[in-house]
Amino acid sequence: MDQLRQVGEALGGVQALMAFADDLRINPRQCSLLADACALAFAAVAAEVRAHLRFSERLAKWKPLEAPLRELHRAVRDAEGYVRHCLEPRDSWWARAAAATHGADCVEQHMHSLLWSVALVLEAVELVSEVTGSDPDELARRRLLFAKDYDRDMLEPRLFRQRLGARYLATRELAARMDAAWKEDRWLLLQYLEERRSPGSPKPLTRNEHRLADLLTAPRGKVHPASVLLQGDFHVRRRLVGNLKEVQWMGESFAVKHFVGADADAVGAEAALLTSVAHPNVAHCRYCFHDEDKREFFLVMDQLMTKDLASHVKEVNNAKRRVPFPLAVVVDVMLQIARGMEYLHSRKIYHGDLNPSNVLVRTRHADAHLHVKVAGFGQSAATVAAANPRPSPRASAKAANATVAASNPCIWYAPEVFEQEAAKCTEKADVYSFGMVCFELLTGKIPFEDNHLQGEHMSKNIRTGERPLFPFQAPKYLTSLTKRCWHGDPAQRPAFASICRVLRYVKRFVVMNPAPAEQPDATPPPPPVPPVDYLDVEASLQRRFPAWQSGNAAPRVSDVPFQMFAYRVMEKERNRAAILHIGGGGRDKASDSSSEGNSLCGDESGSATLSDADALSVSSRGTTITTTTTRSLPDRAGSRKASPSDRASSRKASPRKVDSSRVATRLAGRPEKSKSMEKSKSMGVVRPPQIIRRTQRIKSDGHLNSDVIPSPRRRGSGGGHASDSEI
């Protein structure tokens, strides 16, 4: 309840700022779009809460809503900061206009976070509603209504938009506004400056303001005289990473790339490339200035970033931490890097040198979240040499303490790069480098820093298949994705568009299933595991939507709700298939699934099955659970035939009493020792392991109806090993 109230308060802040919408001269259409989207998001969430939840049960059953609502609150709070940034210039309106007019943060960052958070909260409301109330008929009716929304026929963008578009903020009107908001703001800015330039303007422009107006209205990529930048309030504050410097210009802080004595053609080519892109996760250039007499170039970048990822990981990493960042932050950073690379690849721009030193970061919130930008693409040898022609003693000391990445850059390169230099700037080579960056994020260690693969034979060993070793039990659904990215065969590496979709849903899983808190002097509980392979789900969806396979189309934020919904539909479908065949312990051969290499959950077989405990349905009082026992074996043709004993036992279903604490334990996703195991231990009998893999309860699975859930038949009370038929 407190999280929902905080979302409402943040929305009130946005609406209070938009009361002065007539005074907005910087990005008014984008601010209006963001404010309307926040209002629609809160209205959709509030409507679902009113329709399916009970206020009297907020203290007992609303716990799964806290983390998703916290993400929604963060998105609305960031939107408020964006509107405030455009409405309230601190010192100079011209400086704020120069910093905000060419950005795409409204749609690509804030709208993306908002749409993702709304889908997350709606799913959490659905899960809580399945245990809301005490009437079994009402609970069954509510489950049936939700099941209709996740029918496979709904995997059609047009049908999804018609039936669920208003709930998920996936309407045509909102998508059209996202596509046109930046263009409309650009046109409004040009109109405003033309009015200021006219002779009859009540506020005529000064000479310096005329230059700034020409700067704002000029096409991107145009080279301006350096006098426009150096006149007035301009001074260098400090040196940042590489050739970046933090400067003060018109009262605002900017990051500037400074080149001295560089080749004009090389710098011009890099400036043209950096000004042709615009994405919140890509470091790009807003304006380019040139001093012909001093042979200096100044590239004013889009945003001030404090450090690179390699330095930040080294700062936050220590002996007391197993990992440098919380798992939610790691997945968020991975997603931001992947989104930046997806944008570059959609424009046929390949990095060729992706590593933590070329990933810029800055802290965004007090909870360790980071804003990430991919940098270092499009650099030529001439611009790199001119970046720091006369290094200072302090810079020399930093260079002396450089990381392994500087002395052994080949650890970030794909194996095919060592055989052919032209393969360096390819899509699959960038995916390989991304996998190595993910390894450092997950472990806090530089790949191969344990010196087991150092020296002149490193490149040879990498070509033969040597890869870094994870030093501890990292989440397998992330390590498996990392290993797919650094696969030796480039054809087996996924595209960044697929990686973004997978990581977007993995982030949803991590938020909805936080790892249990570690207790001192106690064995840490096992972390939650996804119920299905998300990379396998991605492969199935690619077969259904061939346009997803290419990954060459420009990504659209308006497609995020349907992508999240499609993953949810496939997840539910595979859970149902696993439950229906749990008695046989095998995989449904008719279901579409990819090869074993697509596994993302760490299961060697690539399958995801549920235990009989997961197939229980909690009744109205929370203490009576009804199970139906069935048994079936596959015949030669692959179909399953029920035995006579199975048919007889399936007609009998007896309720059994369980402790409410056990029910709560299973709902929370924590593993619990079975009584049969304890009994067999007390009898001194060690039974062989079951063939069926047990998966702990995941909140996102929902609470399934017990009438359609088979459970394995209990074995006889006698000791000894089980027969083949019993297994």
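With which residue does glutamate 315 form a salt bridge? In this predicted model, in which residues are numbered from 1 along each chain as its sequence is written, local features need pLDDT of at least 70 and side-chain atom pairs count only at pLDDT 80 or more, whereas totals for chains, interfaces and linings use all residues. Side-chain values use heavy atoms, with hydrogens and water left out.

The partner of glutamate 315 is lysine 307, the closest N and O atoms being 2.8 Å apart, where a salt bridge denotes a side-chain nitrogen of Lys or Arg within 4 Å of a carboxyl oxygen of Asp or Glu. Glutamate 315 is exposed, with a relative accessible area of 53%, while lysine 307 is partly exposed at 22% (buried means under 20% relative accessible area, exposed over 50%, partly exposed in between, with a 1.4 Å probe and protein chains only). Salt bridges that share partners also join Glu48, Asp149, Arg163 and Arg167 into one network, and the count of salt bridges comes to 34.

Buried pairs occur as well. Arginine 74 and glutamate 71, both buried, meet in a salt bridge of 3.0 Å, N to O, and both lie in helix 4, three residues apart, about one turn of the helix (helices are DSSP runs of H or I with at least four residues, and strands are runs of E with at least two, numbered from the N terminus). The side chains of glutamate 123 and arginine 568 meet in a further salt bridge (3.3 Å, N to O); glutamate 123 lies in helix 6 and arginine 568 in helix 25 (residues 560-580), so the pair ties together parts that are 445 residues apart in sequence. Glutamate 123 counts as buried at 5% relative accessibility, and arginine 568 is buried at 3%.

Lysine 507, in helix 22 (residues 496-512), is likewise buried, with a relative accessible area of 14%. Its side chain makes a polar contact with that of aspartate 332 at 2.9 Å (a pair of N or O atoms within 3.5 Å; within protein, one must be able to donate a hydrogen and the other to accept it, and residues adjacent in sequence count only if both atoms are side-chain atoms). Not counting residues up to four places away in sequence, lysine 507 touches Trp116, Val331, Asp332 and Leu335, contact meaning heavy atoms within 4.5 Å.

Over the protein chain, the secondary structure comes to 28 helices and 16 strands, and buried residues make up 51% of the 727 residues.
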